[in-house]
Structures are given as structure tokens and as C-alpha cells.
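Student: Please take a close look at one part of this model with me. I would like to know what meets what there.

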Amino acid sequence: MDRPTAPVPPPGCPAHQAGGRVPLHGPEFAADPQAYYSYLRHYGPTAPVELAPGVEATLVTDYATALQLLQDSGSFRKDARRWRDLNEGRVPPDSPVAPLLAYRPNAMFSDGADHLRLRQAITDSMARVDSRRLSRSTAQVSDYLISQFGSRGSADLLGDYAKQLPLFVFNELFGCTADIGDRVVFGITGMFDGVNAEQAVGVMFGAIGELVALKRTRPGDDVPSWLMEHQSRLTDEELVHQIALLLVAGNEPLRNLIGNTLHRLLTHDAYAHQGGLIDEAIDDTLWENPPMQNLAPHYPTSDMEFAGQKLQAGDLVLVSFAAANTGPALTAARQAGSNRAHLAWSAGPHACPSKDPARQITVTAIENLLNKLPDVELAVPTESLTWRPGPFNRGLTVLPAKFTPVRTAPRPAPETRAEPSPNREQGPSRGRGDRGGVWSQFLNWLTR
């Protein structure tokens, strides 16, 4: 009788050595994360990983175990001030993963009554977003972005479209002025691209602070104003951090979901012969290539054994949504027609509160693009596409496409009609001339 072959670590994986942790960073992991997840499963429901040089974590790769963790708010906490390795100085201060994992006073990093209060303010405020307004705003932004590249007959559907559309839609929903919107775009982009990330985060929080001050004196029909009206009576500091959470968490995953779904549509001919083209592609993307592949940081409250693994209080434990979704245990669920039982939106008390708006934006954005550019196709071989490195996101670096050029009516560019915000001199758009930043340009286009 043949014995099963021992699993082989992916290329470049230090797990070849005894006691080595499997790295979830670098070009090898970005190129084929599923090969890593297949290897990690041989450890059992959890596995030892390295998120960045010197940053260790335990990764949950099994669906049932992930659900157990996400729903157990008694044994595990979300407050990152419990992170033992960070508190004891084992996480390098300049680690690229620290800004995303470090504690901030928002709903993502809170527990118990604090979490309930902050999350209720978020869910109640987001529930006030009118679906018709959201579709109209998304279509308007989509039209604007397509007008910028449609006449060329080619575009990077990631940089020119999927990356920018969520930023613009959320800026409109949050009532950002031109100058504040420019700095929010600058901050979020810099934070996730790792370009002057510390400065970018500072710019973003400064801009959101000004937005809160502006809405205190001039409330509007927008999310910040609704948060201010909420019975939870958030302080200005709490408002800044909840708004930042919504803007960051709403933009980066949405960018990847739009980009990954477009990638799927352009590389799988089968969708052209199915009904429910876009919905089907979105669901398959959420299952097999979710926009956030590993996240949901948790910390044990005490030394414990979890899924056969010994954990110490304050150890960092993450959930691999991508590994859990594609594990053998989920195959039967998908075949039985449970197409939305995936964990791409997480689960439990910290599940994504905005999955319905996110899906609506994605459907509208892709639908509008395919209607405007019906013969759009990939402009490069599929195998030449590259993916952004890092343990958390799953997104392409570029998505080059070609199509029959479309004509857009030229319009003059008047001065922006948006009112200036306080402390305008701090904005990143200084020195760009009269055109301002990308949000300013969009507001100009709306007034033409």
C-alpha cells in the first residue's frame, strides 16, 4: 500500500527548516497564495505563519474553526493593546503590517459594551444610505472615470477605474469638500501602497478631523452628520476614528473586489454564456479570490488550547478567509447551492456591516463599465499579471484592457464650486496648479 506523500512547502518557504514559520509575504506568496494555503492545511486547522519579517501569528485555515473563533467573544478579544509581541518589543517599530494591526479607538478594535455602542452608531448611520442615491452616485462616478480613458481604447482597469471609484463614491456619501476629499484619497492610497505611509496616515486623519469640525457647524445629508446625530453621542475623537474606519475599510476591499471580479470576467469565457453574469462572478470571486484574504486579528484572553494548538494570552491569531473558503469542507456546501456561505465578509459580532452597499457598488460599477465598453478584453497574457505583495489584501497591481474607443463630449473645466475647508494649506494638492487633486477634478466635471 502506497503511503501518502508528505506536503512540500512552496518555493522559498523557510518551513523546510524545523520550527520555521510559513511567510505570507513576498512575491512567491503573492503569485500563488493557494499553494501556501494547501501546505498550511497539513498543520491542521491552524498554522504558524510570519506576516512580515519578525512578525509572528497563528493563522486559522479551517472554515469551522474560523467560525468558532469569530463567534467566541469570551475567549478572544479584538483590542490590539493585548498584542503580546508588540508590547514586549518583538515587532519592529517600522514593520509594514503594524499600521493596520495597531490599536485605534474604533469598532474594529473594541470589545463588549464599547463595541456595541460604536458598531450600533455605524450600522444605524450606514442603514440611512439610500440605495437609489448609492446607485446614482456610483454610475455618475463610473461615467466620469470612463470619460477620462474611453477615447484612448485602452486603460488600466485597476488604476484608472477600480482603485478610484470607491474613493469617489465614499467621498460623496461622506460629504467631503474638494480639499478634504483630495487629502482622504492621498492618505488612503499612501497607507496601502506603503509610500510615505506615516505621512499619508497623518494627512488622512487631519483631513477627517476637519471634516468633523465642518459637519459640527454645517451638518448635511451624509454619513458623518448621521453619526453625530446618533443617540450614542460620539465624541469628536470617536467620530474621527469611526469615519476613518469606514473610509479605509470601505475603500481597500471594494477596490480589490471590483478589480478581482473584472479579472475573473476577462479571464473566464464561461460567464458570457450564463445568466446572472455579474452576480455569479462576484460570488465566485468572494469564494475563491476574496479581496481581504487574511485578517480578523484576535487575541486569547488567557493561555489556552485552541484547535489542538497551544496559545498564550495576547498571541496574535488571524483568520484566513481565502483558505477557509477554498478548503475541502466547503466544496459540498457550494455544490449544494449555498453560494453565499463564504467568509469573505467575516462573521460573528465583527462581521462587515456594509456588505450590501459594497455589493451594490460593485454590481453598478461593473455593469456600467460593460455597458459602455461592451467589447472590453484583457490586453496582456493572463500569466503576465502580477499581484500586490502582503499578507492581508488580494489585489492586482495592474489590469490592462483594450476596447473600441468611445467618444465623450468635451466640456470646459470651470473653477470648483465646492467650498474650501479650514487649514487648506495642509492639503497634498498644493503645487498641482488650478486643477487640484482627483476629487477636485471630479467635482469640476460634475458642474460642466
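Tutor: Start where helix 6 meets helix 13. From helix 6 come Arg117, Leu118, Ile122 and Met126; from helix 13 come Glu238, Gln242, Leu245 and Leu246. Contact here means heavy atoms within 4.5 Å. Helices are DSSP runs of H or I with at least four residues, strands are runs of E with at least two, and both are numbered from the N terminus. By class, five residues of this contact are nonpolar, one is polar and two are charged. (Nonpolar covers Ala, Val, Leu, Ile, Met, Phe, Trp, Tyr, Cys and Pro; charged covers Asp, Glu, Lys and Arg; the others, Gly among them, are polar.)

All of this comes from a predicted model, in which local features need pLDDT of at least 70, side-chain atom pairs count only at pLDDT 80 or more, and totals for chains, interfaces and linings use all residues. Residues are numbered from 1 along each chain as its sequence is written, and side-chain values use heavy atoms, with hydrogens and water left out.

Now the geometry. Helix 6 spans residues 112-126 and packs on helix 13 at about 60 degrees, with the axes 11 Å apart. (Axes are lines fitted to C-alpha atoms, for helices over the stretch in contact; angles between N-to-C directions run from 0 to 180 degrees.) That angle makes helix 6 oblique to helix 13. (Under 35 degrees counts as roughly parallel, over 145 as roughly antiparallel, 65 to 115 as roughly perpendicular, the rest as oblique.) Helix 6 and helix 13 cross in the right-handed sense. (Right-handed means the near helix is turned clockwise from the far one by less than a right angle; left-handed means anticlockwise.)

Follow helix 13 to its next partner. Helix 13 (residues 236-267) also packs with helix 14 (residues 277-288), at about 110 degrees and with axes 9 Å apart. So helix 13 is roughly perpendicular to helix 14. This crossing of helix 13 and helix 14 is right-handed. Leu257, Asn260, Thr261, Arg264 and Leu265 represent helix 13 here.

Helix 14 then leads on to helix 17. Helix 17 covers residues 355-372; its axis comes within 10 Å of that of helix 14, and the two cross at roughly 130 degrees. That makes helix 14 oblique to helix 17. Their crossing is right-handed. Which residues of helix 14 meet helix 17? They are Leu277, Ile278, Asp279, Ile282, Asp283 and Leu286. Helix 17 answers with Arg359, Thr362, Val363, Ile366, Glu367 and Leu370. In this contact, seven residues are nonpolar, one is polar and four are charged.

Six strands form an open sheet in the order 1-2-3-9-6-4, with mixed pairing. (Two strands pair if DSSP finds at least two bridges between them.) Its edges are strand 1 (22-23) and strand 4 (76-77), each pairing on one side only. Strand 4 pairs antiparallel with strand 6 (residues 294-300) over two bridges. There, phenylalanine 76 stands opposite proline 300. Helix 3 (residues 63-71) packs on this sheet and touches strand 3 (55-60), strand 4, strand 6 and strand 9 (317-320).

Last, confidence. The protein chain averages a pLDDT of 86, and 83% of the residues score at least 70. (pLDDT is the predictor's confidence in each residue, from 0 to 100.) Residues 1-6 stay under 50, with zero contacts beyond four places in sequence. Residues 411-435 are also below 50, yet this stretch has 44 contacts beyond near neighbours in sequence. Where pLDDT is low, predicted coordinates should not be read in detail.
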